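Hi,

Here is the structure I promised you. Please have it open while you read my notes below.

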Amino acid sequence: MEKVIYVAGGCFWGVEAFFAKIKGVVDTEVGYANGITKETSYQNLKNTQHAETLKITYDPNLVSLEELILYLFKIINPSSLNKQGNDVGIQYRTGVYYQDNADLMKLEALFAYLKKDYDPFYVELKPLDHFVVAEEYHQDYLQKNPYGYCHVNLNANYGLTSKDKEIIKQLRKELSLDKLSYEVLKNSATEAPHTSFLNNEYRKGIYVEKITGEPLFSSSTKFDAGCGW
């Protein structure tokens, strides 16, 4: 089943040309998203505050949502506010806009990793609102005008790195956790006393962190404090 995600990365001519080359991307369409009005046009973006945005339809069996967002970060400067390449203005802000709430947890977890590498960090993560399909002459612009302006180096190698792949691996471990484990590990929650199955675990060994596998403590140091933890 095909899925859809919307990304903003500056001038949408180059963003569309870049993503159209990625295996698993089924279709692309440029438009304007998340402004203050339901309708707009290219000439009116400054007033309506929409972002130049690319609608990506993709096959999740061939390319994942996480991979698509990591590709986006290859071609943007997340620390630049309302400016990408030579283009300046609110329409050139960066963002990821979702329609499927099931994608939100993945996106939030991925953004948490990505934010560590950028200060400041200006990439929006919001539900999609007010998407207006752009004028026909903007669609597949660089296919029609191969020597047209593009702030993205379409000849560069933007393949995913070993670090990118490790991030995806860690994210999938996190998202495979049950709700309580996720809250404890990611949001400093605490399980209720006398509820952990580990209270009755007496085998010898090393307790490890569920996501990273990092050693925490030895079973030889475990004792019953009488408080339920």
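Predicted model: local features only at pLDDT ≥ 70, side-chain atom pairs only at ≥ 80, totals over all residues.

From α3, Glu 66, Glu 67, Leu 70 and Lys 74 meet Asp 164, Ile 168, Leu 171 and Arg 172 of α6. By type, the residues of that contact are three nonpolar, five charged and no polar. Helix α6 covers residues 162-175, and its axis lies 11 Å from that of α3. The two pack at an angle of about 145°. Their crossing is right-handed.

Next, the core. In soluble globular proteins, nonpolar side chains tend to be buried together. Here the largest nonpolar core holds 48 residues. Ile 5, Val 7, Phe 19, Ile 56 and Ile 69 have the most contacts inside it. Which helix gives the most to this core? That is α3, residues 65-74, with seven residues. A second, separate core has six residues, including Ala 8, Ala 33, Tyr 97 and Leu 128.

Beyond its neighbours within four places in sequence, Ile 69 is in contact with Val 7, Val 96, Leu 107, Leu 110, Phe 111 and Leu 114.

Now the strands. β1 spans residues 3-9 and is mostly covered, with five of its seven residues buried. β1 runs antiparallel to β3, residues 51-58, and five bridges join them. Within that pairing, Ile 5 stands opposite Ile 56. β1 is also joined to β6, residues 94-98, by four bridges, again antiparallel. There, Ala 8 has Gly 95 as its bridge partner.

Best wishes

Technical notes:
Residues numbered from 1 in each chain as written. Heavy atoms only, no water. Core = buried A, V, L, I, M, F, W, Y, C linked by side-chain atoms within 4.5 Å. Buried < 20%, exposed > 50% of the residue type's maximum accessible area, 1.4 Å probe, protein only. Contact = heavy atoms within 4.5 Å. Pairing = 2+ DSSP bridges. Axes fitted to C-alpha atoms, helices over the stretch in contact; angles between N-to-C directions. Left-handed = near helix turned anticlockwise from the far one by under 90°. Nonpolar A, V, L, I, M, F, W, Y, C, P; charged D, E, K, R; others polar.
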